[in-house]
Amino acid sequence: AIVQELVEDVGADRILWGSDMPACERTVTYKQSMILFQSRCDFLSDEQRNAIMGENLARLYPLREG
């Protein structure tokens, strides 16, 4: 519900995936937290999910060539 509210309020183009490492490992592993995000956020389109999972970060910090 929190992720859905954030997407509605600020937009998927302004959200970055983060695991809260290493604190999250008290409850779940990194892989489990990623699986939870992917399986519990079925309201996201593929485009929104891809943006949150890395495309937004790549846009903010583009790789330098050369």
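**View 1. Helices α1 and α2 at the largest pocket.** α1 (2–10) and α2 (30–40) each supply at least two residues of the lining of the largest pocket. The model is predicted: local features need pLDDT of at least 70, side-chain atom pairs count only at pLDDT 80 or more, and totals for chains, interfaces and linings use all residues. Residues are numbered from 1 along each chain as its sequence is written, and side-chain values use heavy atoms, with hydrogens and water left out. Helices (H or I, at least four residues) and strands (E, at least two) are DSSP runs, numbered from the N terminus. α2 gives the largest share of the lining, four residues.

**View 2. Lining of the largest pocket.** The lining consists of Ala1, Ile2, Val3, Trp17, Gly18, Ser19, Ser33, Leu36, Phe37, Arg40, Cys41 and Phe43. By class, eight of these residues are nonpolar, three polar and one charged (Ala, Val, Leu, Ile, Met, Phe, Trp, Tyr, Cys and Pro count as nonpolar, Asp, Glu, Lys and Arg as charged, and the others, Gly among them, as polar). The pocket volume is about 220 Å³, the space filled by probe spheres set on grid points joined across faces, edges and corners. On a 1 Å grid over the protein atoms alone, a pocket is an open set of points where a 1.4 Å probe fits, with protein on both sides within 12 Å along at least five of seven lines; lining residues have an atom within 4 Å of a point.

**View 3. Ala1 and its distances to Cys41 and Ser45.** Ala1 belongs to the segment before α1 and is exposed, at 86% relative accessible area (buried is under 20%, exposed over 50%, partly exposed in between; 1.4 Å probe, protein chains only). From Ala1 to Cys41 the C-alpha distance is 8.6 Å, across 40 residues of sequence. Ser45, in the loop between α2 and α3, is 44 residues from Ala1 in sequence and 16 Å away, C-alpha to C-alpha. Ser45 is partly exposed, with 33% relative accessibility.

View 4. Leu57 sits in helix α3 (residues 46–60) and is partly exposed at 43%.
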